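Please read them with the sequence and structure open.

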Amino acid sequence: MDVDNTFNIQFTIIFIYLFYVNLDLCDLMKVDRIKNNPLKLAKKILHDLKASENMGLLRCVQCGMCTSSCPGAKNSGYNPRDMVKRVLEGDESIINDEEIWNCFYCYTCHSVCPVGNSPSEVNQILRQTAIDKGIVKDKVGPFAVYGDSFLDIGIGAIPKSFFMELNEDIEGWLDLKSELEEIRGELGLGPITIPNESIKEVNTLLKKVGFNKRIEKMK
Amino acid sequence: MKIIPDKNILLFKSCLVSTEYPGIESSTKYIFDQLGVEYIIDHEQSCCSGLGYYSDVFDQTSTTLIAARNFYVTKKNNAKNIAVMCATCYAINKKSVKLLNKNNEFRERINNVFEESSMKEMKYEKGSLNPTDNIFHVVEIFFNKKKEISKHVKIDLSNFKIATHHACHYCKVHYEDTIEGFRNPRMLDELVESLGVKTIDWYNTKINTCGAGFRQRFANKPISMKVTGDKLLELNEQNVDILIHMCPNCQMQFDRYQPYLSKELGVDFNIFHLNITQLIALAIGGDPYKTVGIQTHTFSIEPLIKRISEDTI
Ligand code: SF4
Ligand code: SF4
């Protein structure tokens, strides 16, 4: 009898304690949620132009299929499932996380996700956010020249800054570049370049949307 | 299955095809001519800006603005369809058509830029292109005509062991439009079969990405090379002679870096890398140098040509 009573009292105390602590926690969490609006980041991503229509970001079930098929995850500390989790928790530090720069944009995750989410596009948008904040010049700076040459010649080209390394790794790569026009002639193909009038058009259009300023900010 | 066109086509120029493997373009033209596919090329067309987009340099607005101008070039030629030779051109153009059709506010913004730049003839009219019915990879056009291709075959390739590499930006980005599967893609395998050769079909790394990863090849070479090497190692174990591509960027990753990886990994890789357009052109009688353009390959295709001529004798 005594033993039983003691047990009951202890149980009740523990119960009451847990009840209040829980209430407390719930309240705290509620306040926390309202204050921090954890879905703000996710909603920003969903509204980005780079996000596919009806992207299933909010439907993510954390199954990990993205990570299990991801070449970035296989070969670095990058983890797309965890990246999506942090986005859904409103953890903005993910924007500064070095690991997001290990994604290949291969869209394997995008094609296997059971709920139509696209970690690949989430990643692209996070990187854009980091670029807009001006915090990743070391990451995008070397690629910014791609934009310059697009403004100059109206089409894309491998950035000149990578030419020497490419030529070191690939025997005869620069020789090939110098023979290109001739080879294209042998193949009966037209010029690589576009007419001056077209270059002007491309240049005018891109400047109109501030592309040149965007490029300068990356450097 | 979706209807695949054989006329009113703008053959969309690709920066990497033009500068790395122009043989892809001349082979495509050669096959189109043999099959009677009607197409035009317009040098006023800019490129898709995809290399910039996927190395985070181009934002969506800039990329779609350039795409909309290219759509105008298409319309000006009375072409209704765009056929691309590069998987990234495919993904980028489809994405831009989808956005321009669905997002009214965004389309207005793009059209205003044209208006304010005195290029109002370039304005995009909602629905003037359909992402599924008007944007194609040239391989889909060949696939649709594979019975006819079979009739043109002049060279026996059955002594070669062939595997396929289906480009991620064709298979996985707009997967709802991908023909012949994206989890076990078979479009290239069936095309190779129409040339009279059975491929090895499925292999463990079949759907693995090439490893270029846009910025990764340049900024993160060790992991880029690791991904490329993994695939080459498996193909080597399976004694594959030829790997078939459908994207100049993948082709560049494998062909240009194979000798580098042979040294790095201490494995003698002897795999020929050909684009499907080059393989078909070769099989139906195209000249290796004047049509197929093997002279721009890093891992020489000459031993392959030699083996073919020995087999034929
Ligand atoms: S595969 Fe899709 S649902 Fe599963 S964890 Fe990744 S993003 Fe979430
Ligand atoms: S796109 Fe990025 S996150 Fe998705 S599978 Fe490829 S490397 Fe991984």
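1. A residue counts as buried when its relative accessible area is under 20%. By that cut-off, 44% of the 219 residues in chain A are buried. The model is predicted, and the points below should be read as comments on a prediction.

2. Chain A has 13 helices and 0 strands.

3. Which residues come closest to ligand 1? They are Cys60(A), Cys63(A), Gly64(A), Cys66(A) and Cys113(A), out of 13 residues that surround this ligand. Sorted by class, the shell around ligand 1 consists of 9 nonpolar, 3 polar and 1 charged residues.

4. Ligand 2 also deserves a look. Around ligand 2 there are 13 residues, and the nearest are Cys70(A), Cys103(A), Phe104(A), Cys106(A) and Cys109(A). Two elements of chain A, helix 4 (71-75) and helix 6 (108-112), each give two or more residues to this shell. The shell around ligand 2 has 10 nonpolar and 3 polar residues, with no charged residues.

5. Most residues other than glycine have a negative phi. Tyr105(A) is not a glycine, yet its phi is positive, at about 55 degrees. Tyr105(A) sits in the loop between helix 5 (80-88) and helix 6 of chain A. Its relative accessibility is 1%, so Tyr105(A) counts as buried.

6. A positive phi is also found in chain B, at Asn239(B), which is not a glycine and has a phi of about 55 degrees. Asn239(B) belongs to the loop between helix 13 (221-237) and strand 6 (242-245) of chain B. Is Asn239(B) buried or exposed? Its relative accessibility is 55%, so Asn239(B) counts as exposed.

7. In chain A, helix 9 (residues 144-153) packs on helix 13 (residues 211-218) at an angle of about 150 degrees, and the two axes are 9 Å apart. Angles over 145 degrees count as roughly antiparallel, so helix 9 and helix 13 of chain A are roughly antiparallel to each other. The crossing of helix 9 and helix 13 of chain A is left-handed.

8. Which residues make the contact between these two helices of chain A? From helix 9 come Ala144(A), Gly147(A), Asp148(A) and Leu151(A), and they meet Phe211(A), Asn212(A), Ile215(A), Glu216(A) and Met218(A) of helix 13. By class, the residues of this contact divide into 5 nonpolar, 2 polar and 2 charged.

9. The last point concerns Asn275(B), in strand 7 (residues 272-275) of chain B. Asn275(B) has a relative accessible area of 2%, so Asn275(B) is buried. Leaving aside residues up to four places away in sequence, Asn275(B) touches Ile24(B), His245(B), Met246(B), Cys247(B) and Gln251(B). Asn275(B) and His165(B) are 110 residues apart in sequence, and their C-alpha atoms are 9.6 Å apart in space.

Key. Residues are numbered from 1 along each chain as its sequence is written. Chains are lettered from A and ligands numbered from 1 in the order in which they are written. This is a predicted model: local features need pLDDT of at least 70, side-chain atom pairs count only at pLDDT 80 or more; totals for chains, interfaces and linings use all residues. Side-chain values use heavy atoms; hydrogens and water are left out. A residue is near a molecule or strand if one of its heavy atoms lies within 4 Å of it. Ala, Val, Leu, Ile, Met, Phe, Trp, Tyr, Cys and Pro count as nonpolar, Asp, Glu, Lys and Arg as charged, and the others, Gly among them, as polar. Helices (H or I, at least four residues) and strands (E, at least two) are DSSP runs, numbered from the N terminus. Buried means under 20% relative accessible area, exposed over 50%, partly exposed in between (1.4 Å probe, protein chains only). Contact means heavy atoms within 4.5 Å. Axes are lines fitted to C-alpha atoms, for helices over the stretch in contact, and angles run from 0 to 180 degrees between N-to-C directions. Angles under 35 degrees count as roughly parallel, over 145 as roughly antiparallel, 65 to 115 as roughly perpendicular and the rest as oblique. A crossing is left-handed if the near helix is turned anticlockwise from the far one by less than a right angle, and right-handed if clockwise.
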